[in-house]
Amino acid sequence: MNVFVLVLAIIVAIGVLAYYRASLTLFTAAIAGLLVVGSLTDTAGMATWLIFLVIALPLNIASFRQQYITKPVLGLFRKIMPEMSTTEKEAIDAGTTWWEADLFCGNPDWHKMHNFPKPRLSAEEQTFLDGPVEELLAMVDDWHSTHERADLAPEVYDYLKNKGFFAMIIAKKYGGLEFSAFAQSCVLQKLTSKSMMLSSIVGVPNSLGPGELLQHYGTDEQKNYYLPRLAKGLDVPCFALTSPEAGSDAGAIPDFGIVCKGEWQGKEILGMRLTWDKRYITLAPIATVIGLAFKLFDPEKLLGDKEELGITCALIPANTPGVKIGRRHFPLNVPFQNGPIQGNDIFVPLDYIIGGAPMVGQGWKMLMECLSIGRAITLPSNSTGGIKAAAMATGAYARIRRQFKLPIGKMEGVEEVMARIGGYAYMADASTTMSVGAIDLGEKPSVISAITKYHMTERMRIAINDAMDVHGGKGICMGPNNYLARGYQGAPVAITVEGANILTRNMIIYGQGAIRCHPYVLAELQAAQLDDQGAAVTAFDKALFGHIGFAISNFFRTFWLSLSGGIFSHAPYNDVTAKYYKQMNRFSAAIALMSDVAMGTLGGELKRRERISARLGDILSMLYLTSAVLKRYNDEGRQVQDLPLVQWACEDNMAKAQLALNELFDNFPNRLVGIVLKRVVFPWGRTLRKASDQVEHQVARIMQTPCEARSRLGLHLYLTNEPGNQLGRVEQVLLDVLAAEPLFDKVCKAANKRLPFYRLHEVADLGLKLGVISKEEAAKLCLAEEGRLFVINVDDFEPGHLAADNSLTQQPNGADALNQEQAKSKSKAA
């Protein structure tokens with residue numbers, strides 16, 4: 001054995017042991033063993049052993065390592081550790097980590113993921129979906145609600161209250177429905193498929209709001225009073241967090257309270273004087289009880305020795321003297337009840353604090369923990385319902401609508417757009433289901449909630465834009481029969497609320513994910529904050545050397561998985577999906593490696609390098625979304641019909657992850673590090689591609705053809721064929737047109753000419769005249785023509801009907817005035 005072979009053997013041994021994440025002891029023993037062999041072959045001499053012992057002994061003797069390595073590093077770490085505000089610390093501490101932490105660690109356990117139970121509806125929840133939800137949707141006329149009333153009808157509000165729609169999260173012992181997060185998601189998806197306005201109104205009380213906060217933190221007295229009233233609809237809640245000066249930066253709210261003594265109901269008590277100015281508050285105009293977030297101060301130190309007590313949450317009855325419910329906002333023609341609330345120097349008891357005096361200053365933690373739950377349910381579910389509805393409607397429309405003598409859905413350009421809608425629909429349902437499933441397992445997934453909120457609302461915006469493109473003029477003409485326009489108008493609302501998407505992508509997903517999901521960073525930060533120096537060194541030593549081993553392992557794992565394309569890594573199934581698991585193994589190792597490199601080279605500066613953070617967050621997001629797609633495919637019995645949808649979604653996500661990594665390397669602040677790591681991660685260049693034209697063709701065909709795969713795509717939507725439900729009507733027309741096509745072909749063959757596929761009543765008459773179809777078959781052609789015209793036609797109105805100010809309808813409109821002027825000019829010329 002020569003020196004080169006020995007060195008190569010040591011490097012290979014280090015690489016293999018690092019790949020499998022061996023312990024320091026095993027590393028030391030393996031290298032010592034190789035050196036023994038080297039000594040026996042006269043390759044490793046005394047100098048080699050000396051170098052080995054100088055490195056190995058200090059690392060393996062814990063007391064020496066802690067005193068002379070860990071302790072100085074801890075001192076340096078404390079100096080360079082970025083400062084964290086109280087709100088940042090509470091945001092990081094809030095919630096739990098789940099599957100996203102496995103993805104972040106570079107070695108996902110796929111069997112663990114597939115063993116998470118599939119979310120299911122109870123019999124009671126299914127009955128609610130099939131009964132009250134269907135009955136409610138039959139009552140709602142979305143055009144009437146959004147255009148004519150700018151509100152739900154009174155009888156709809158009564159039904160919502162009486163049937164418990166505002167009490168899905170409230171426990172049964174207080175009169176609520178106590179539904180699972182999955183059931184809530186299914187309800188919201190179904191509501192959204194007919195009315196985004198309706199799902200917004202139902203979603204908010206069941207998300208971040210008084211009901212959620214009371215159940216987790218309220219006193220028994222508060223729970224016993226408010227929760228039954230909320231469950232029965234006697235109280236309508238809203239939650240006031242956002243201020244004109246503090247939107248996405250909610251921790252900077254200027255609204256405040258001062259602890260003081262004051263008179264309340266004829267007695268002097270200890271209370272607070274509150275001053276606030278809130279806006280964008282959903283349900284505020286009709287709320288009877290207001291959840292309020294504010295900063296509480298105690299200048300006289302009546303509660304203790306602190307003056308600044310922190311963010312606090314309280315419940316304020318809307319009829320409290322001085323509370324001012326403002327006028328309504330008008331959010332993009334989806335006019336759910338939303339408006340401002342103000343209060344100026346209003347005295348209330350300390351008992352109004354949610355949880356009472358012990359919860360003073362705990363408001364931010366309360367909000368972060370509850371937001372990590374609600375943000376994973378309401379907006380992702382509403383967006384998922386919207387994407388799925390767009391997929392079903394667009395698939396049906398593209399098969400019904402014809403141009404150039406063929407359905408437009410058969411045109412390759414349209415297929416490309418449709419594949420994106422269908423792929424997003426499958427992926428959205430998968431990720432939302434997996435996320436709410438985590439909540440039902442007891443998790444409070446703060447990182448996952450940010451991922452699903454951001455990506456579902458963004459994909460809703462893309463899908464609705466694509467659907468509008470396919471529908472063309474049908475999509476842009478407003479009216480009772482337009483089933484897309486309100487979703488198109490309302491998409492930016494979801495993008496904006498519960499954390500603006502730009503902020504969520506650039507700061508929250510990775511900002512929380514890097515610290516919460518990394519197996520050692522949070523432990524290092526916590527160790528550095530310990531006052532006991534001995535305990536700090538011991539805890540930091542364990543985290544630091546675990547971190548070093550973790551980083552070394554991820555370097556070798558990333559290099560080998562990238563060099564081999566991951567083909568030798570583990571996948572739980574040996575079928576067409578195996579390559580997606582293996583690609584994720586590779587990218588999981590890559591994000592773990594790049595996280596350590598970014599934190600190591602940028603330190604506290606990473607916090608301000610938002611575009612670096614955003615790209616790392618994109619990689620983590622794509623891994624999570626792809627995991628959800630594969631879990632859904634497995635949970636549903638690995639249905640081969642669904643494979644095109646699975647392939648499209650996985651390949652789109654992995655291509656996006658690859659792009660994010662490439663952009664990260666190209667823009668990495670340390671150019672040399674970026675160049676070197678690009679060669680490590682992409683030794684053969686960028687090899688992943690988006691879905692092929694053939695896969696996109698298959699997805700488009702699923703969307704246009706009634707089948708089990710299409711039915712799964714539209715699960716939990718309101719597809720009942722009844723007056724006023726345009727989505728259900730379009731579904732029925734699709735069936736009628738498909739039933740008419742063979743009859744149409746029969747008539748064309750008998751007539752010996754290719755007729756255009758319209759005026760099907762005339763085709764029916766011709767078929768009867770030629771004696772090739774029966775009266776029943778002729779009726780099918782006529783029914784298809786009636787439905788076809790319903791689908792492709794658009795609404796029109798009397799000229800004065802659209803004026804918001806009805807008094808103006810008594811005057812000539814602009815076009816009439818212009819026509820009159822033109823008539824006068826012609827008369828003079830004559």
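**View 1. Contacts across the predicted chain.** Among contacts (heavy atoms within 4.5 Å) between residues at least 6 apart in sequence, 76% join residues at least 24 apart. This is a predicted model, in which local features need pLDDT of at least 70 and side-chain atom pairs count only at pLDDT 80 or more, while totals for chains, interfaces and linings use all residues. Residues are numbered from 1 along each chain as its sequence is written, and side-chain values use heavy atoms, with hydrogens and water left out.

**View 2. Overall fold and dimensions.** The chain holds 33 helices and 9 strands; these are DSSP runs numbered from the N terminus, helices being H or I of at least four residues and strands E of at least two. The radius of gyration, taken over C-alpha atoms, is 32 Å, close to the 28 Å of the globule rule for 830 residues, so the chain is as compact as a globular protein of that length. That rule is 2.2 Å times the number of residues to the power 0.38. Along its principal axes, the C-alpha trace spans about 110 × 85 × 65 Å.

**View 3. Strands β4 and β5.** Strand β4 (residues 289-297) and β5 run antiparallel and are joined by 9 bridges; strands pair if DSSP finds at least two bridges between them. K295 stands opposite I311 in β5. Of the 10 residues of β5 (residues 308-317), 8 are buried, so this strand is largely enclosed by the rest of the structure. Buried means under 20% relative accessible area, with a 1.4 Å probe and protein chains only. Of the 830 residues of the chain, 55% count as buried.

Definitions and conventions. Buried < 20%, exposed > 50% of the residue type's maximum accessible area, 1.4 Å probe, protein only.
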